[in-house]
Amino acid sequence: MAMLSSPWPTTYTLQQYENYTTVTGDFNGDGNIDLLVVGTNLNVSGFSYSVLLGNGDGTFQPPLFDQLSSVLSPSLPVVVGDFNNDGKLDFATGAFELFSNTQTMALFLGNGDGTFATPSYLFDAGAGVLLSGDFNGDGKLDIVAGVPGLPPNQPSETFLLFGNGDGTFRAAVLPPSLKNFAAQFTADFNNDGKLDLLSSDQVALGNGDGTFTLLPKLPTVVNVVADLNGDGLQDLLINYPGGVMFGKGDGTFGPVVPLPIGGAVADMNGDGRPDILFVWGGLGVLLNTTPPNFSIRSAPGAPASQTVGAGQSPKFNLVVAPSGAFSGTVNLNCVITPPVTPTPTCLLSSSSVQLSTGATQPVTVTVGTAAPVTTGSVSPVTFPPGTIPLVWTTMLLSSACLWLRTRKPLPSLLAPMIVLALMSWVACGGSGSSTHTTQGTPAGIYAATITATSGALNHNMTLRPPRARARGLTFVA
């Protein structure tokens, strides 16, 4: 008789049992996914967290518990990242100071073994959601705190804490452009390589310097952000009414495509496509049946446009990513427009990439531009106007004198006479020098269009610059 595994899941006893949040990450650097559970323990009136180190087979070691009795957190946004660039995961969370009766944000720097240092407190306002990313383009992780407004008079707010790269942050700023805006999600919604923000119903496009531009409000409330159709663009899952709004790649979205209901997103059958989970008298799953495909886009954080001088060669970093169960060869081609003389060149690090399910491939695009080239030549000496007859007379008299003195036959004097004539002829040609400049790549705005093809699948990536520039060369990949 075959032995059946137990239908009951493996359980772990935690000391947090209220207002808790669970996040994942490799907190001890062994390559296995661990669990971090942040919450409150009302028995001792304090904030606490537990770390469950993963064994790599779906099971976990007993929880490592840490209690901070001085704070209590009624709402627990948590964000994970390496905020001090030491290669070890840290986390930040909202907290409530019992003694000072104020909201705060606590940062826990990881020790790399599943434990964390004593927290530092960074922020003196509450937060409904914490997000991390490089929002000002300095290569250091920042934190965004979205604070939903409470009725009747408290507005929604979004605070930015720019990281210094060492686990400390600059003072929180409230961008004027994000008035009455509470960030809930972050992603690159317009594929320009800069992180954007999304509240429950509005997109704020990032300018790459810590400022944002608000777009018009959406007609509904967003529940989940994910690429649901595998085109490399972020889509929106909404709950009421249930449906999907597919991204257009410019920060806007198409109309609502109805679904029975919204919910959470996860790959439930291991085919590389996000499926939808919902609770409706039980747990339901909507399997994603989008055909296998691939996408090409800017690498995360890579610039999508550069202004350079003629003769320089800007580089653009892209990624080709499979979706669903796609695997195969993707052929690449690049064309620069508009056509000019001399034409800029577009070189790809590879003319094709081999994709396998779930694995992206990098591609570097190098645009070659021509610099102006100046050449020069020297012209012979020019005698003043009216002196040419004098030159010829002098030449003839000199020749006659030479003949009378030497009494040589005229043929023997032919060579020196020819030399004197050539010198006189050259002298008639003018004097000084001249230069000629060959034009380099003309100043203007250019677009690099990369075409990716695999069988009947074809995708083009052509991004336009945000605005025209009067001087210089702007190349866009």
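## A greasy patch on the outside

Leu287 sits in the loop between β22 (283-286) and β23 (293-298); strands here are DSSP runs of E with at least two residues, numbered from the N terminus. Together with Met268 and Val285, Leu287 makes a nonpolar patch on the surface, with about 260 Å² of accessible area in total. To join such a patch, a residue needs over 30% relative accessible area and no salt bridge, and nonpolar side chains (Val, Leu, Ile, Met, Phe, Trp, Tyr) are joined within 5 Å. The areas come from the Shrake-Rupley method with a 1.4 Å probe, and for residues only the protein chains shown count as cover.

A quick word on the model: it is predicted, so local features need pLDDT of at least 70 and side-chain atom pairs count only at pLDDT 80 or more, while totals for chains, interfaces and linings use all residues. Residues are numbered from 1 along each chain as its sequence is written, and side-chain values use heavy atoms, leaving out hydrogens and water.

## A pocket to look into

The second largest pocket has a volume of about 230 Å³, meaning the space filled by probe spheres set on grid points joined across faces, edges and corners. A pocket is an open set of points on a 1 Å grid over the protein atoms alone, where a 1.4 Å probe fits, with protein on both sides within 12 Å along at least five of seven lines; lining residues have an atom within 4 Å of a point.

This pocket is lined by 15 residues, and Leu228, Val244, Leu259, Ile276 and Asn288 lie nearest its centre. The lining splits into 10 nonpolar residues, four polar and one charged (Ala, Val, Leu, Ile, Met, Phe, Trp, Tyr, Cys and Pro count as nonpolar, Asp, Glu, Lys and Arg as charged, and the others, Gly among them, as polar).

## A charged link

There's one salt bridge in the structure, and Asp138 and Arg170 make it with their side chains (3.8 Å, N to O). The cut-off is a side-chain nitrogen of Lys or Arg within 4 Å of a carboxyl oxygen of Asp or Glu. Asp138 is in the loop between β9 (129-133) and β10 (142-147) and Arg170 in the loop between β11 (157-161) and β12 (185-187), so the pair ties together parts 32 residues apart in sequence.

Most residues other than glycine have a negative phi, and most peptide bonds are trans. Asn85 has a positive phi of about 55 degrees although it is not a glycine, and Asn85 lies in the loop between β5 (78-81) and β6 (90-97). The peptide bond from Thr337 to Pro338 is cis, with omega near 0 degrees.

Key: Patch = residues over 30% accessible without salt bridge, like charges linked within 9 Å, V, L, I, M, F, W, Y side chains within 5 Å. Helix = DSSP H or I, 4+ residues; strand = E, 2+ residues; numbered from the N terminus.
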